[in-house]
Amino acid sequence: MKPPLLGIPRGLIDPLHGSSLKKKEKEEVIHRRPSWDEYFMDITHLVAKRSTCLRRQVGAVLVKDKKILATGYNGAPSRLEHCLDIGCLREKQSIPSGERHELCRGLHAEQNAIIQAAYHGVEIRGATLYCTNHPCVICSKMVMNAGIDRIIYEDGYGDDLAAMMLAESGIEVERFDRRGQGQGRKRQVESQKKSRRRERSNSK
């Protein structure tokens with residue numbers, strides 16, 4: 001028996017031999033297919049699972065021309081012990097979230113993505129940053145000077161100065177809306193149905 005395509009019910013499509021899909025099956029596949037923004041945002045959540053921060057797990061992905069350039073998650077620098085193992089410095093000193101970023105053993109996900117690209121000689125000018133959270137002011141300044149053109153984030157972060165400086169910089173900042181993405185796919189299917197009905201009507 002041929003194996004089913006990952007994420008699609010058995011019998012819907014033959015992934016090995018490319019069997020043609022029926023009309024209804026095509027609509028179901030299209031409805032399940034994520035947009036590019038949703039695809040890359042889902043990857044940020046996978047990257048975030050590598051985080052060693054005790055407070056917040058953040059993932060970031062740098063993308064250009066629909067290709068991943070670098071990824072990053074928040075945690076201590078290389079060759080240092082993880083906060084998971086020795087505890088959180090900020091928790092010990094009762095530092096609120098979004099304040100005194102310099103009092104932390106870890107790097108943010110956005111910083112690590114930018115550093116990884118530089119380490120491997122990958123140009124990120126003109127790239128899009130996908131991130132599970134809105135960048136802090138330090139990350140925002142790095143994003144500006146790295147030449148990143150667009151930021152897409154899913155959850156907010158309490159840093160008004162970061163939002164203000166990004167707005168002033170002209171970088172496109174967009175909050176990702178999963179509900180909107182789902183509606184977009186539904187509208188796409190409905191639009192294709194209407195188009196096919198018009199074609200059948202015109203052929204009569």
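1. A salt bridge here is a side-chain nitrogen of Lys or Arg within 4 Å of a carboxyl oxygen of Asp or Glu. Arg125 and Glu123 meet this rule, with their closest N and O atoms 3.0 Å apart. Arg125 counts as exposed, at 56% relative accessibility, while Glu123 is partly exposed, with a relative accessible area of 47%. The structure is a predicted model, and side-chain atom pairs count only at pLDDT 80 or more. By the rule above, the count comes to 8 salt bridges.

2. Which residue forms a salt bridge with Asp42? The partner is Arg178, and the closest N and O atoms of the pair are 2.8 Å apart. This pair links distant parts of the chain: Asp42 belongs to helix H2 (residues 36–48) and Arg178 to helix H8 (residues 178–203), 136 residues apart.

3. Is Glu154 buried or exposed? Glu154 has 13% relative accessibility and so counts as buried, because the cut-off for buried is under 20% relative accessible area. Elsewhere, salt bridges that share partners join Asp37, Arg150, Glu172 and Glu174 into one network.

4. The strands E1 to E5 form an open sheet of 5 strands, in the order E2-E1-E3-E4-E5 and with mixed pairing. Strand E2 (67–73) and strand E5 (172–175) are the edge strands, each pairing on one side only. From one strand to the next the twist averages 20°.

5. How many bridges join strand E4 to E5? There are 4 bridges between E4 (residues 150–155) and E5, and the two strands run parallel. Ile152 has Glu174 in E5 as its bridge partner. Glu174 is also one of the residues in the salt-bridge network, together with Asp37, Arg150 and Glu172.

6. Helix H5 (residues 109–119) and helix H6 (residues 137–146) have axes that come within 9 Å and cross at roughly 30°. That makes H5 roughly parallel to H6, since angles under 35 degrees count as roughly parallel. The crossing of H5 past H6 is left-handed.

7. Which residues of H5 meet H6? Glu110, Gln111 and Ile114 do, and on the H6 side they meet Ile138, Cys139, Met142, Val143 and Ala146. An α-helix has 3.6 residues a turn, so residues three or four places apart point the same way. The spacing of the H6 residues in this contact, including Cys139, Val143 and Ala146, can be read with that in mind.

8. The buried residues in H6 are Val137, Cys139, Ser140, Val143 and Ala146. Their cover includes H5, strand E3 (128–133), E4 and helix H7 (160–169). Cys139, Val143 and Ala146 are buried, and these residues also take part in the contact with H5. After H6 comes Gly147, with a positive phi near 80°.

Methods
Residues are numbered from 1 along each chain as its sequence is written. This is a predicted model: local features need pLDDT of at least 70, side-chain atom pairs count only at pLDDT 80 or more; totals for chains, interfaces and linings use all residues. Side-chain values use heavy atoms; hydrogens and water are left out. Two strands pair if DSSP finds at least two bridges between them. Axes are lines fitted to C-alpha atoms, for helices over the stretch in contact, and angles run from 0 to 180 degrees between N-to-C directions. Buried means under 20% relative accessible area, exposed over 50%, partly exposed in between (1.4 Å probe, protein chains only). Angles under 35 degrees count as roughly parallel, over 145 as roughly antiparallel, 65 to 115 as roughly perpendicular and the rest as oblique. A crossing is left-handed if the near helix is turned anticlockwise from the far one by less than a right angle, and right-handed if clockwise. Contact means heavy atoms within 4.5 Å.
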